[in-house]
Amino acid sequence: MLKVASYNIHKAVGTDRRRNPARIVDVLNEIDADIIALQEADRRFGARAAAIPEKLLEMNSDYRAIPLDVQTDSMGWHGNALLVRKSAEVLEHDIMHIPYLEPRGAVMARFEINGKQLAVFGMHLDLSGLWRRRQAAAIVKIAQQQEQNVPVVLMGDLNEWSAASGCLKDFSRAFQIVDCGRSFHSRSPIATLDRIMHSHTIQSLAGGVHDSSAARKASDHLPVWAEIAVD
């Protein structure tokens, strides 16, 4: 069994409008997932420095960020980052250029962890429904290519407010969607914006929203998680 999670950390700015990356690390440790996809993992302006300093993550957690080899000080690509336990082996990683109206991207890495291999995609889709569907189509195409070799997990903030239409319809044609629950806004969740999806060869054992007192303060999104069995 593996546990995966997705978390929009809002550049480490909490609901009190204070930037506090240590709170994010505390929440990551609470989730205790094997692989975590982050969104808004870099600061928005200037050098787009990582919202979580590398040393803070290294000294206070069992996680490391996948090196995407794009920007020196950033953790991710257009704010998308993947964290994995330090014991995991990273076999491949890449960034994806997807269609966009506002700057967007997606990331992918292939891991071997607990004796299992899988490819994980992290994403943060557009605010525009039309562009979300274009982005979903591009990501699904690449994910299906990876799926020929290993099971696939896709995670992120889809920005999709509908329950089953829009880009969810595009993803659901190829992948199963885990029913995690409402994750936005963290103070009073009303929308299921954050999603976890996976290959049909993966069995979803459980899924949910990590709703702790720390998580309600650390970001405007709550993390979502799923426990999966990889064939």
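Two strands pair if DSSP finds at least two bridges between them. Helices (H or I, at least four residues) and strands (E, at least two) are DSSP runs, numbered from the N terminus. The model is predicted: local features need pLDDT of at least 70, side-chain atom pairs count only at pLDDT 80 or more, and totals for chains, interfaces and linings use all residues. Residues are numbered from 1 along each chain as its sequence is written, and side-chain values use heavy atoms, with hydrogens and water left out.

**Strand β8**

- Six of the six residues of β8 (residues 152–157) are buried, so the strand is largely enclosed by the rest of the structure.
- Buried means under 20% relative accessible area, exposed over 50%, and partly exposed in between (1.4 Å probe, protein chains only).
- Both faces of β8 are covered: one side carries Val152, Leu154 and Gly156, the other Val153, Met155 and Asp157.
- β8 pairs with β7 (residues 116–124) in the parallel sense, over six bridges.
- Val152 in β8 is the bridge partner of Ala119.
- β8 also runs antiparallel to β10 (residues 194–198), joined by five bridges.
- Met155 has Ile196 in β10 as its bridge partner.
- β7, helix α3 (residues 129–147) and β8 form a right-handed β-α-β unit.
- Right-handed here means that, with the strands pointing away from the viewer, the path from the first strand over the helix to the second runs clockwise.

**Strand β6 and its partners**

- Six of the eight residues of β6 are buried, leaving the strand mostly covered.
- β5 (residues 89–96) pairs with β6 in the antiparallel sense over seven bridges.
- Across that pairing, Glu92 stands opposite Arg110 in β6.
- β6 and β7 run antiparallel, joined by eight bridges.
- Their hairpin has two residues between the strands, and Asn114 takes a positive phi near 55° there.

**Nonpolar cores**

- A nonpolar core is a set of buried Ala, Val, Leu, Ile, Met, Phe, Trp, Tyr and Cys residues joined through side-chain atoms within 4.5 Å.
- The largest has 27 residues, with Val4, Ile35, Leu118, Val120, Val153, Ile196 and Ile228 making the most contacts inside it.
- Elements giving two or more residues to this core are β1 (2–8), β2 (35–39), β4 (81–85), β6 (106–113), β7, β8 and β12 (224–230).
- A second, separate core of 25 residues includes Ala12, Val27, Leu83 and Ala218.
- Ile35 touches residues including Val4, Leu83, Phe111, Leu118, Val120 and Met155, not counting residues up to four places away in sequence.
- Contact means heavy atoms within 4.5 Å.

**Cysteines**

- The whole structure holds zero disulfides, a disulfide being a pair of cysteine sulfur atoms within 2.5 Å.
- The sulfur of Cys167 lies 15 Å from its closest cysteine sulfur, in Cys180, too far for a bond.
- Cys167 is buried at 0% relative accessibility.
- Cys180 is buried too, with a relative accessible area of 10%.

**Aromatic pair**

- Rings of Phe, Tyr and Trp (its six-membered ring) pair if their centres lie within 6.5 Å; planes under 30 degrees apart count as stacked, over 60 as edge-to-face and the rest as tilted.
- The count comes to one aromatic pair.
- Trp161 and Phe184 form this edge-to-face pair, at 6.2 Å centre to centre and 85° between the planes.
- The pair links distant parts of the chain, 23 residues apart: Trp161 in the loop between β8 and α4 (167–172), Phe184 in the loop between β9 (176–177) and β10.
- Trp161 is exposed at 54% relative accessible area, whereas Phe184 is buried at 18%.
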